[in-house]
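Here are some exercises to work through with your viewer open. Try each one before reading its solution.

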Amino acid sequence: MDSGDTDRLIGTEVAGVTLLSLHGRGHTGLVFVGFQKSLKRKIAVKLVPKAKATAQSFMDEAEVVAVLNHPNIVTVFDVGEFGEYLYITMQLIEGDSLQGLLKRRLLHPVPSQRSMDATAVLPVMAATLDALEYAHQQGVIHQDIKPGNILIEKPSGRPYVADFGIARTELTEDQSKFVHGTPLYMPPEQARGHVTDQRADIFAVGVTMWECLAGVLPAPPLPAIKLVGMKARNPEAFFLKSPSESGARIDERLEQIILKATAPDRENRYGGCGQFKNALREYADGKLGLRI
């Protein structure tokens with residue numbers, strides 16, 4: 001979608017919701033702020049051109065998220081078709097994503113301020129793991145956790161996991177022959193097209209935490225397709241520096257936690273989100289005097 005599409009859609013009514021402004025832009029479509037007349041509230045409306053998604057896959061996404069009821073997961077209200085688009089209406093989170101916060105941090109004139117402090121990062125990661133643990137208990141694997149899919153509400157600071165667009169459930173017998181996801185954050189088994197489990201999301205949370213604490217991930221500057229190939233064939237060499245070498249905010253214990261979460265072999269990762277979350281809580285309580 002280009003800016004012309006965006007301008008044309010503003011003011012349009014979709015399933016009783018008037019599109020007010022652009023809220024965000026993703027790989028496949030746009031998210032608008034809309035006003036729902038019946039309940040007199042602002043909500044979010046995701047529009048995806050039919051050429052980029054099948055009605056069935058779009059419905060599948062909505063159905064997956066609709067069964068998830070957790071205070072740290074964006075709530076879906078409705079799904080359907082609108083002209084040349086497919087739409088999902090959902091809870092509007094007014095604030096920013098971790099990706100947006102990190103981008104602004106990187107512009108800071110003082111190098112030491114171009115990453116996030118552990119006191120800010122660990123509560124967000126713990127809440128994200130809470131949400132994912134619940135999703136996993138419902139048989140849902142997100143498969144695309146990254147800073148852009150973790151939203152921070154203002155002024156509460158509550159984190160929300162968003163965009164279950166490529167999630168898989170226990171009912172999915174086989175992984176697609178196509179690799180879906182974001183190369184920097186996906187685990188090696190996902191890059192290889194293998195069936196994933198909860199440890200895929202654990203890997204992605206570990207990489208996301210690493211990036212927040214370091215500011216920038218020490219990954220090679222390669223096109224996405226080459227990153228996927230490298231992740232699949234030689235994951236041990238994917239990151240060019242260790243966590244502590246890439247960020248001064250990452251001490252020895254935090255490095256151990258990140259390395260366990262992002263182990264190339266999933267058998268060496270945390271077995272579940274609860275284990276990962278407990279490691280973060282022990283660190284936060286013992287090292288920072290922080291309850292998360």
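The exercises below concern cysteines, helix packing and a loop glycine in this predicted model.

**Exercise 1.** Find how many disulfides the structure holds, and check Cys212 and Cys273.

Solution. 
- Step 1: Recall that a disulfide needs a pair of cysteine sulfur atoms within 2.5 Å.
- Step 2: Look around Cys212; the nearest cysteine sulfur belongs to Cys273 and is 16 Å away.
- Step 3: Turn to Cys273, whose nearest cysteine sulfur is that of Cys212, 16 Å away.

**Exercise 2.** Is Cys212 buried or exposed, and is Cys273 buried or exposed?

Solution. 
- Step 1: The cut-off for buried is under 20% relative accessible area.
- Step 2: Cys212 has a relative accessibility of 1%, so this residue counts as buried.
- Step 3: Cys273 has a relative accessible area of 2% and is therefore buried.

**Exercise 3.** Describe how helix α4 (residues 118–137) packs on helix α10 (residues 273–288).

Solution. 
- Step 1: Take the angle, about 160°, and the distance between the axes, 9 Å.
- Step 2: Angles over 145 degrees count as roughly antiparallel, so α4 is roughly antiparallel to α10.
- Step 3: Read the handedness: α4 and α10 cross in a left-handed sense.
- Step 4: List who takes part. The α4 side includes Leu122, Met125 and Leu129, and the α10 side includes Cys273, Phe276 and Leu280.
- Step 5: Sort the contact of α4 with α10 by class: 12 nonpolar, 3 polar and 4 charged residues.

**Exercise 4.** Where does Gly11 lie, and which residues does Gly11 touch beyond four places away in sequence?

Solution. 
- Step 1: Gly11 sits in the loop between α1 (3–9) and β1 (13–14).
- Step 2: With a relative accessible area of 52%, Gly11 is exposed.
- Step 3: Leaving out residues up to four places away in sequence, Gly11 touches Thr18 and Leu19.
- Step 4: Ser21 is 10 residues from Gly11 along the chain, and their C-alpha atoms are separated by 8.4 Å.

Conventions: Residues numbered from 1 in each chain as written. Predicted model: local features only at pLDDT ≥ 70, side-chain atom pairs only at ≥ 80, totals over all residues. Heavy atoms only, no water. Buried < 20%, exposed > 50% of the residue type's maximum accessible area, 1.4 Å probe, protein only. Axes fitted to C-alpha atoms, helices over the stretch in contact; angles between N-to-C directions. Helix = DSSP H or I, 4+ residues; strand = E, 2+ residues; numbered from the N terminus. Parallel < 35°, antiparallel > 145°, perpendicular 65-115°, else oblique. Left-handed = near helix turned anticlockwise from the far one by under 90°. Contact = heavy atoms within 4.5 Å. Nonpolar A, V, L, I, M, F, W, Y, C, P; charged D, E, K, R; others polar.
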